[in-house]
Amino acid sequence: MIRACGVGVNYGPVQAVTDMSLTIAPGLTVLSGPSGSGKSTLLRVLSLVERPSQGEVFVRDVATSALSWAELRSLRRKEIAVVFQNPADNLISHLTVGENLRAAGAQDFALLDQLGLSGSATWRIGALSGGQQQRLAFGCALARGASVVVADEPTSQLDVRSADLVLETLASLPVPAVVASHDPRLVSLADLCIPLAAS
Ligand SMILES: Nc1ncnc2c1ncn2[C@@H]1O[C@H](COP(=O)(O)OP(=O)(O)OP(=O)(O)O)[C@@H](O)[C@H]1O
Ligand SMILES: [Mg+2]
């Protein structure tokens, strides 16, 4: 679905990502590595937010370097859902849980059961714990019909118990997911772990 070939990113003299080739396969792919090793940068490139300095990113075999920014944006909206670190950044706080799902395109609230959020459709977002909010964020990503979910450190702002809820959701997503994380438990759940080295 998403394939990177020889991707490098430099910011002036800083080589943030060097010659990465990878395929986001079904299941959970985790990018791990120390701070500054380029995890977030690589995720931005894979989610078409940023163009690589070297190499190519293919989405459904389309070579994205040939696309305009407008074409990149529309491809991203169609295929890729991004879940941010901070749960609140992923949801519309003045809407209820159900309204958030509907805004993402859900026809019904069946997803809530899968997310362990049964019966919460009428709740305000503020009534959910951070972990529940992050679960709902993954639910909204699915409701949007994305083919791939991309998440940068989705558990790093959560306590251990809240993070557990999110790990269960991540391990059972029906679409491929690529996640950057320092969390050893997340790494242990990965179908594929890609270690990035400090630059
Ligand atoms: N927009 C930018 N401009 C200049 N340098 C950048 C930019 N974004 C990242 N960098 C540099 O690129 C390198 C990789 O950064 P990146 O944020 O991708 O690492 P990371 O693995 O996500 O780290 P962390 O675990 O701390 O989130 C770092 O040296 C960083 O300072
Ligand atoms: Mg980062």
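Ala, Val, Leu, Ile, Met, Phe, Trp, Tyr, Cys and Pro count as nonpolar, Asp, Glu, Lys and Arg as charged, and the others, Gly among them, as polar. By that scheme, the lining of the largest pocket has eleven nonpolar, four polar and six charged residues. The model is predicted. This briefing covers its pocket and its cores.

**The largest pocket**

- The volume of the largest pocket is about 410 Å³.
- It is lined by 21 residues, and the closest to its centre are Ala81, Val82, Val83, Phe84 and Val150.
- Two or more lining residues come from each of α1 (39-46), α2 (69-79), β6 and β7.
- β6 gives the largest share of the lining, with four residues.

**The largest nonpolar core**

- The largest nonpolar core contains 36 residues.
- Leu101, Leu136, Phe138, Val149 and Leu170 have the most contacts inside this core.
- Among the elements that each supply at least two residues of this core are the strands β3 (28-32), β6 (80-83), β7 (148-152) and β8 (177-180).
- The helices α3 (97-103), α4 (111-114), α5 (130-143) and α6 (160-171) also supply at least two residues each.
- The largest share of this core comes from α5, which gives seven residues.

**A second core**

- A separate core has 26 residues, including Val7, Leu43, Val57 and Val150.

**A close look at Phe138**

- Leave aside the neighbours of Phe138 within four places in sequence.
- Phe138 is then in contact with Val83, Val149, Ala151, Pro154, Val166, Thr169, Leu170 and Leu173.

Definitions and conventions:
Residues are numbered from 1 along each chain as its sequence is written. Chains are lettered from A and ligands numbered from 1 in the order in which they are written. This is a predicted model: local features need pLDDT of at least 70, side-chain atom pairs count only at pLDDT 80 or more; totals for chains, interfaces and linings use all residues. Side-chain values use heavy atoms; hydrogens and water are left out. A nonpolar core is a set of buried Ala, Val, Leu, Ile, Met, Phe, Trp, Tyr and Cys residues joined through side-chain atoms within 4.5 Å. Buried means under 20% relative accessible area, exposed over 50%, partly exposed in between (1.4 Å probe, protein chains only). Contact means heavy atoms within 4.5 Å. On a 1 Å grid over the protein atoms alone, a cavity is a set of points where a 1.4 Å probe fits but cannot get out, and a pocket is an open set with protein on both sides within 12 Å along at least five of seven lines; lining residues have an atom within 4 Å of a point. Grid points are joined across faces, edges and corners, and a volume is the space filled by probe spheres set on the points.
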